[in-house]
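Trainee: I'm new to this one. Can we go through it together?

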Amino acid sequence: MRNNMDYDIEEYRVEIENRIRNMMWTVSGDYSLKVKPDVEAFAKNKYIALYDAIKQGAFALYFDADALGMYLLKKRYYGAEETPLMSIAQLCADAASYPAISAERPGVRQVRKKAFEAMLEHEFHRMNQSFAGRVKISYIRDFLNGRGRDEKRVQDVKDALYELEHVSDTMEIIRKIDWIYNHFIDKSFERKHGDLAHVLAAELEEIVQDGWQDFLDEDTYEAVMEQFLENVNRQVTSLEELQEESEKTAGNGRKIVVLDEKAIARMHSYMELNFGRSYLNEAQQERLNRRLCTGAHTDCSLYYTDGILENPVLVNAQYVNAKKQADRNRLFLHNSASVVRHNIDVMTASLKRALMLQAETDIIPSEFGHVVPSRLWRIGRTEGGRLFDREIRQNNSEYVVDVLIDASGSQRDRQSQVALQAYIISRALSNVNIPHRVMGFCTFWDYTVMQRYREYDAPAKADERIFSYTTSANNRDGLAIRAAADSLLQREEENKILIILSDGRPNDVIVNRPNSRNPRIYCGDYAVQDTALEVRRLRNAGIYVLGVFAGKEKDLAAEKRIFGKDFAYIRDIRNFSAVVSRYLQKLLDE
């Protein structure tokens, strides 16, 4: 049974939530405004929490919060740093909304004064560590003590803020945020990523990483986007420094998706509908998840399938799209037939030469082996006479290979080329009878999908299934590599090789599930470092790992960090076999 203290705490939370909610509704005049009261912030300082509620209500009353939210999402999508961007947005939103709401409700001035004093008392040290924070300190002091002059950079930003005091158009606020960010935070942003018009032109499909929204029904998709905007709008109208939020969004801030329990319960059925049924039963899958989904991948899941074309639940839109892409892949093969044949022949010949060298034997004199009659005269005349010859194989010639293909949305523009690369490798391995498996991987919600195109000992005809390769969603490379290597390590062959076709961009949308144990976002340096550690771990376990890179030159540095010196950079499909063969021969010779 719950005691009286539990009831007291719950009643307190309800009371505070109602107080904050009523404040926002009263100020905005919109009782349909969705509010998520922050009781913890209220417990720290009630004036900061109340002023945040007033600002959120005021901004919703005078401006288009969703339009500002979409701009901020798009700006972050193109690589803007979240913490300074959101700090600037907070100041601009405050400068634009305060004059109007204080004129209507004079009592707001006193709440703002108490909130600003609390900010200086409790957040001064943290604010003073960044340029945007120093601007906020000076802005707060202007209100408390009267406007004064500051160092030029800080004063220039404040002057821009004060120009917003009489605006009524949300677009004016957006232009001011963009101008401040591009002139004082990242002067190279516009040159690298485009101007404001280019940022605003970004499509929603780009923001949510190309693939996962295709799998959601309309209601779920709208709920996810609504949650995106709610999170952003709440940050914009908050006085708090963005420490906790910036840790969750780790850099570019565009990757957190929040789903409710209802959506979570439907995830597995979505997986079956859009990736095909799994070839593992529930118990097998759970054992693998417990063993492999650890560390950086805690609370993630693996999903093993032969693909929607091989094992569909029904013929839905995703099945039709996958079929169309498979047809495009085969057409690309047909149109590139001579180049493909040449690449396969070159790689096959290279593998045969390397394997023949491995099969050669050296004959050395020995104290055991096959007797050599011509040496029998040494008996009794010399000590330690080696009367025998012994055959020494240069190396064990047994090999097994895994080919792992990045099937995430970032590969969408080169799906047919990637399928062709994997097919060339697979066909050459089949020609020299090396057992090998080919799998693709992508990550959708918290599932990393491992799609099997051919199994180790399948006949050569199975190579054709690689042309069912299609891309979607994101990619958690470290977990996919770990999962592929888990099967490879269980093979009996002494020499194990893992070939990974990727673009050097491990990148995963985090589904921030209730009670998630690992909400940290998987992208940027964190993801590259995790993938590199996984590669080194496999090399230490005796697996030869080769990266085949066909991405953009800007991602080459990340590929080098992941694979070290053992990666092949493919600039032209016509040279594919020559480049990859060189690296494979090097591995076979070691």
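Trainee: Is cysteine 300 buried or exposed?

Mentor: Cysteine 300 is buried, at 14% relative accessible area. Buried means under 20%, exposed over 50%, and partly exposed in between, with a 1.4 Å probe and protein chains only. Note that the model is predicted: local features need pLDDT of at least 70, side-chain atom pairs count only at pLDDT 80 or more, and totals for chains, interfaces and linings use all residues. Residues are numbered from 1 along each chain as its sequence is written, and side-chain values use heavy atoms, with hydrogens and water left out.

Trainee: How many disulfides are there?

Mentor: The count is 0, where a disulfide is a pair of cysteine sulfur atoms within 2.5 Å.

Trainee: New topic. What order do the strands of the open sheet take?

Mentor: The 7 strands run β2-β8-β7-β6-β9-β11-β12, with mixed pairing. Strands (E, at least two residues) and helices (H or I, at least four) are DSSP runs numbered from the N terminus, and two strands pair if DSSP finds at least two bridges between them.

Trainee: Which strands are at the edges?

Mentor: β2 (301-305) and β12 (567-569), each pairing on one side only.

Trainee: How many bridges join β9 to β11?

Mentor: There are 7, between residues 495-502 of β9 and 543-549 of β11, and the two strands run parallel. For instance, leucine 501 has valine 548 in β11 as its bridge partner.
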